[in-house]
Amino acid sequence: MKLVVRVKLLPTPEQAAALEATLRAVNDAATWVSTLAHNQRVFRNYDLRRHAYGQIKDNYGLAAQAAQHVIKKVTDAYATLHANLRNGQAGKPGSARRERALAKPIVFRPGAAQPFDDRCLSWQMDARTVSIWTTWGRMKSVAFTASADQLTTLAAYRKGESDLVYRDGMWFLIATCDLLDVPVIDPDGFLGVDLGIANIAITGDGVRHSGKALNAVRHRHRELRRRLQRKNTKSAKRLLKKRRRKEARFAADTNHTIAKRIVTEATRTGQGIALEDLQGIRDRVRLRKPQRVTLHSWSFHQLGRFIAYKAARAGVAVVYVDPAYTSQGCSACGHVDKKNRPDQETFLCTSCGFAEHADVNAARNIAARGVTSWAVSHAA
C-alpha cells in the first residue's frame, strides 16, 4: 500500500535560495525539453533522452540524475495529457478545446515540484535533517519538522522518490512510503454510507455528519472572493492570494475527520463499508446555475479516497455499488417510486408505509447492495 507523507523543511536563507535556484533551473530545463518533445513528436523516455540529455547538462548545469528526472517528468506529463485525450476529458476529436490542448507544448511553472531519488536526497532521521543536491552544490543539514507518527512512518516505510515542493512561501518534501498490506477481514455485514451535500455522509445506523458548517464556510469564502475580485485593488489581490487554498484545507480536514469516524465504527463492529460509485456524476446531472456551484464544490471523491485508504490500513473491506434509485427505493420492502420521497429529508414508502430519514434509508439500501456485491465477487 502506497502512502505519502508531507514534511515541512526549515531551510536557512542560503539554503532556501539554493532550493529556489534549483527548482527554477530544473523547470526551465523541463519546459525546453517539453518544447523539443512537442516539435519532434518524441514522447518516450529513452528516445527523448537521446535528443536532450547532453544539452540539459551543458545548458542548465544539472547533474546526471537531475537531468534524468527532468526528462522523466516531461514524459510523464505528456503521458497524462494523452491519457486525458483518450478518455475524452479535453473534448471530442476536432473540438476547439482539444485542438488547443494539442497545439502547444506543456509549460512548467518555475516553482513546480521536482522529484529527487536517494542519490540526490538522503534523510538523517535522528537529526531530523536532509542532505539534498542543488545547482549550488550539495546542501547538508537542511532541517525538517514532522509529527511523531510521520517520523515513525518515514523511518520504517519510506521508499523511492521524494518531491520537493514550494507552496505559499514554505518548502515541503513529499515522501512515498510503501506500507505492508493489511489482510482484509471477512466482513460481518456492511455499513452503508450515503454521500450528500446537505449531509456530507450518513451511515445506515443513523449517524449523521452534517454539511451545514462546511457549506457555510464555502458560502462565506465565495462571497468574500466575489467582493475582493470586484474591488480589484492591490490590497484585495494580496488578500485573495493570502486566502487561497484556505477553503480547500478546511474541507480536507473535515473529510479526514468524517472518514476516520466511519472507518473506526466499521472496525469496531467488524463490518465492511459500502459506498456509492459516483464517478461521472457531474457530467450526468443537469442543474440550474446557482446549484452548479454547490455541486462542483462537493468533494465526495476526496471523502471516498480518504475512507478507502484508511479502511485499507485497518483491513476493512470497501465495495462500490450502483447508486441508481437508492434514494427512491424502500429499504424495508424494496418498492421503488419517486413519490416515496416527498422532500429532501423525508422518505415515506407508498407501498408499505415505512418512514425514515431519506438519507438513512438510502444508506441502508447501499449496505444491502454492498452485501450482494461482496457475495458475488467472493462466490468462488
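**Helices and sheets**

Analyst: The axes of helix 6 (residues 212-231) and helix 8 (residues 246-269) come within 10 Å and cross at roughly 175 degrees, where axes are lines fitted to C-alpha atoms, for helices over the stretch in contact, and angles run from 0 to 180 degrees between N-to-C directions. That makes helix 6 roughly antiparallel to helix 8, a label for angles over 145 degrees, with under 35 counting as roughly parallel, 65 to 115 as roughly perpendicular and the rest as oblique. This is a predicted model, in which local features need pLDDT of at least 70 and side-chain atom pairs count only at pLDDT 80 or more, while totals for chains, interfaces and linings use all residues. Residues are numbered from 1 along each chain as its sequence is written, and side-chain values use heavy atoms, with hydrogens and water left out.

User: Which residues of helix 6 and helix 8 make the contact?

Analyst: Helix 6 contributes L214, V217, R218, H221 and R225, and helix 8 contributes K246, E247, F250 and A251, with contact meaning heavy atoms within 4.5 Å. By class, the contact has 4 nonpolar, 1 polar and 4 charged residues; Ala, Val, Leu, Ile, Met, Phe, Trp, Tyr, Cys and Pro count as nonpolar, Asp, Glu, Lys and Arg as charged, and the others, Gly among them, as polar.

User: And how are helices and strands picked out in the first place?

Analyst: They are DSSP runs numbered from the N terminus, helices being H or I with at least four residues and strands being E with at least two.

User: OK, now helix 5: which of its residues are buried?

Analyst: In helix 5 (residues 148-157) the buried residues are L151, T153 and L154, where buried means under 20% relative accessible area, exposed over 50% and partly exposed in between, for a 1.4 Å probe and protein chains only. They cover an arc of only 165 degrees around the axis, which puts them on the same side of helix 5; the arc is that of the directions from the helix axis to the C-beta atoms. The face turned away from that buried side carries the exposed residues A148, D149, T152, A155 and A156.

User: What do the buried residues of helix 5 pack against?

Analyst: They pack against strand 1 (2-10), strand 3 (121-124), strand 5 (137-145), strand 6 (158-167) and strand 7 (170-178). An open sheet of 7 strands has the order 2-6-7-1-5-4-3, with antiparallel pairing, and two strands pair if DSSP finds at least two bridges between them. Its edge strands are strand 2 (114-116) and strand 3, each of which pairs on one side only.

User: How is strand 2 joined to strand 6?

Analyst: The two run antiparallel and are joined by 3 bridges, and P115 stands opposite D163 in strand 6. Helix 3 (residues 64-86) lies across strand 2, strand 4 (129-134) and strand 6, running at about 130 degrees to strand 2.

User: What about the sheet with the order 10-9-8-11-12?

Analyst: That open sheet is formed by 5 strands, and its pairing is mixed. Strand 10 (208-210) and strand 12 (318-321) stand at the edges with a single partner strand each, so one side of each is left without a neighbour in the sheet. Strand 11 (residues 272-276) and strand 12 pair in the parallel sense over 4 bridges, and A274 stands opposite V319 in strand 12.

User: Switching topic, where is R128 found?

Analyst: R128 is in the loop between strand 3 and strand 4, and it has a positive phi of about 55 degrees although it is not a glycine. Most residues other than glycine have a negative phi. With a relative accessible area of 39%, R128 is partly exposed.
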